[in-house]
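Hi,

Here is the structure I promised to pass on. Could you have a look at it, and then read my notes below?

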Amino acid sequence: MCAFLRSHWGRNQLRGLTYGSVIQHIETHHLGLVWIPDLPVIRRIAIGRAFVEAALKRDEANNKLDEADALLCASLNLPQLPAREKGPVVSTVRASSWSTRLDGAFHNPTVRWVAKQLHGSGLPVLPLCDSRLTNAINAVTKFRKRVYVPKGGIPLLSSKQLFQVDPIELKGLARGAHTDDMEEIALAPNTIAITCSGTIGRVQIIPAYMNGWAANQHALRVIAADDQYAGYLYAWLASAYGQALIVRYSYGSVILELDRFMVGEIPVPVLPDAKRNAIATLVLDANRLRDEAWMLEQGAFKTLRAEISPPVKP
């Protein structure tokens, strides 16, 4: 049932049952109006089993990411972030430490405390742009006019769709019209994407099934020095400390923005190889499991399509 409801047959039915002009709703009794094909038992079992196995793989992936975060915190031996103070925060900043930034968010006492903890940890601390950590931090700078095609195009992800298990309502870019843009807009496995406009600092490590897909200008691409560093950098940037530091470097009063040069200044503590690789391996294993889950679901969708829309015999 899950496979069918996530297919275009199921989604189109659910979309047709919604009501509301601005904020759309759907009620439980509407679900009883959805038509579901009665497939042969052996096909239903195969499709259902694939979806259950995919869900279990995603659960295991999430557990590995939680384990990586816990291992990172334990290895860094950093104290828990202090609770946020309610109401306005007043503090003083020495002129010698203003770092060419006058915005209050940059000098928030919490992130200043985070920076102090890092530099007092005894570990080497490098900026994210250091060549020992990353090969490049890229932004979409020339991708303006877009040419879409109804089928067969390059899947284009919004910053929201980057974090969806099964991105829906994807737009497809015409391949010929965007060949020259692909070096800048394409995604590759283990690239780290960071949202950089509006919603700041959400971090994703790109799974293998998104290889060759594209993402819009609202996500920066961090290309790590190697896959092990990609796993470690993801764990750091997605941690509570990393999130606080990412937001620190943003700017704007209504719509927050973050550019690649500011991201490059984010400090990264470098653990010894053994601990760093252990954290990275957990993240990379999680990413592999997410890819395997996707492949299982796509196989199930293929079986479903073959049963509902069998090929026409000549």
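Helix H7 (residues 227-238) lies across S2, S6, S7 and strand S9 (219-224), and runs at about 150 degrees to S7. Helices here are DSSP runs of H or I with at least four residues, strands are runs of E with at least two, and both are numbered from the N terminus. For the angles, axes are lines fitted to C-alpha atoms, for helices over the stretch in contact, and the values run from 0 to 180 degrees between N-to-C directions. Contact means heavy atoms within 4.5 Å.

Before you dig in: this is a predicted model, where local features need pLDDT of at least 70 and side-chain atom pairs count only at pLDDT 80 or more, while totals for chains, interfaces and linings use all residues. Residues are numbered from 1 along each chain as its sequence is written, and side-chain values use heavy atoms, with hydrogens and water left out.

Now the sheet. It is open, with 4 strands in the order S2-S9-S6-S7 and antiparallel pairing; two strands count as paired if DSSP finds at least two bridges between them. Strands S2 (134-138) and S7 (199-205) are at the edges with a single partner strand each, so one side of each has no neighbour in the sheet. From one strand to the next the twist averages 15 degrees. S6 (residues 192-197) pairs with S7 in the antiparallel sense over 5 bridges, and alanine 193 has glutamine 204 in S7 as its bridge partner.

In H5, Val111, Val114, Ala115 and Leu118 are buried, where buried means under 20% relative accessible area, exposed over 50%, and partly exposed in between (1.4 Å probe, protein chains only). Those residues cover an arc of only 95 degrees around the axis, which puts them on the same side of H5; the arc is that of the directions from the helix axis to the C-beta atoms. The cover over the buried residues of H5 includes strand S1 (125-127), H7, helix H8 (240-248) and strand S10 (267-269).

On to charges: there are 12 salt bridges, each a side-chain nitrogen of Lys or Arg within 4 Å of a carboxyl oxygen of Asp or Glu. Here are some of them.

- Glutamate 297 and arginine 58 meet at 2.7 Å, N to O. Glutamate 297 lies in helix H10 (residues 273-308) and arginine 58 in helix H4 (residues 41-76), so this pair ties together parts 239 residues apart in sequence. Glutamate 297 is buried at 2% relative accessibility, and arginine 58 is buried too, at 13%.
- Glutamate 169 and arginine 15 form a salt bridge at 3.4 Å, N to O. Glutamate 169 is in the loop between strands S4 (154-157) and S5 (171-173), and arginine 15 is in helix H2 (residues 8-17), 154 residues apart. Glutamate 169 is exposed at 59%, whereas arginine 15 is partly exposed at 40%.
- Arginine 276 pairs with aspartate 273, the closest N and O atoms being 2.8 Å apart. Being 3 residues apart in H10, arginine 276 and aspartate 273 are separated by about one helical turn. Arginine 276 is buried at 8%, and aspartate 273 is partly exposed at 48%.

Salt bridges with shared partners also join Arg6, Arg11, Arg58, Asp166 and Glu297 into one network.

How many disulfides does the structure hold? It holds 0, a disulfide being a pair of cysteine sulfur atoms within 2.5 Å. For cysteine 196, the nearest cysteine sulfur is that of cysteine 129, 17 Å away.

Cheers
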